[in-house]
Amino acid sequence: MTPIDERTPMFTLRKTTATLGATALLATGLGAVATAPAQAADREFRCSGAEVEFDVEKEDGRFEVEADIDDAKPGSKWRITLRHDGKVYYNKVRTADSDGDVEVDRNRRNTAGKDVFKITVKKVGSKKSCSRTITRR
């Protein structure tokens, strides 16, 4: 009987099988982490030809609320209304900069129970408005 070393086909087969098994376990574990469901905190949508992103992040017991309008016509005017638990706390007309962007950042305190945030965006002079809601606990 010959001793098993790296040149023996059976040793090579076992080594290959072990390597493939370890790789499969790692890939499965990493895939599970990458696809784990995250709590939805943003909404992206199009409105009157522009891209809108609405984002609510909880930080230090407060909420950071961001509204970004991108790819709008430079100089176009947009009414942005933000609500927290149904109450309006931001309602202004903003003008898109030379890149066609508008940014709004506001902080809100955490209230008891779930917090419901709503954005309504409307291009001034347009009939259509667009709204999205984010609920955070």
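This is a predicted model: local features need pLDDT of at least 70, side-chain atom pairs count only at pLDDT 80 or more; totals for chains, interfaces and linings use all residues.
One is formed by 4 strands in the order S1-S2-S3-S6, with antiparallel pairing. Strands S1 and S6 stand at its edges, and because each has a single partner strand, one side of each is left without a neighbour in the sheet. From one strand to the next, the twist averages 15°. Within this sheet, the antiparallel strands S3 and S6 are joined by 8 bridges, and alanine 67 is found opposite valine 104 in S6.

The other open sheet is likewise built from 4 strands, here in the order S5-S4-S7-S8, and its pairing is antiparallel. Its edge strands, S5 and S8, each pair on one side only, and neighbouring strands are turned against each other by 15° on average, direction ignored. Strands S4 and S5 run antiparallel and are connected by 8 bridges, with arginine 83 placed opposite valine 88 in S5.

The largest nonpolar core comprises 24 residues, and those with the most contacts inside it are Phe54, Val65, Ile69, Trp78, Ile80, Leu82 and Ile119. Two or more residues are given to this core by each of the strands S1 (42-47), S2 (50-59), S3 (62-70), S4 (77-84), S5 (87-95), S6 (102-109), S7 (115-123) and S8 (129-136).

Definitions and conventions
Residues are numbered from 1 along each chain as its sequence is written. Side-chain values use heavy atoms; hydrogens and water are left out. A nonpolar core is a set of buried Ala, Val, Leu, Ile, Met, Phe, Trp, Tyr and Cys residues joined through side-chain atoms within 4.5 Å. Buried means under 20% relative accessible area, exposed over 50%, partly exposed in between (1.4 Å probe, protein chains only). Two strands pair if DSSP finds at least two bridges between them. Axes are lines fitted to C-alpha atoms, for helices over the stretch in contact, and angles run from 0 to 180 degrees between N-to-C directions.
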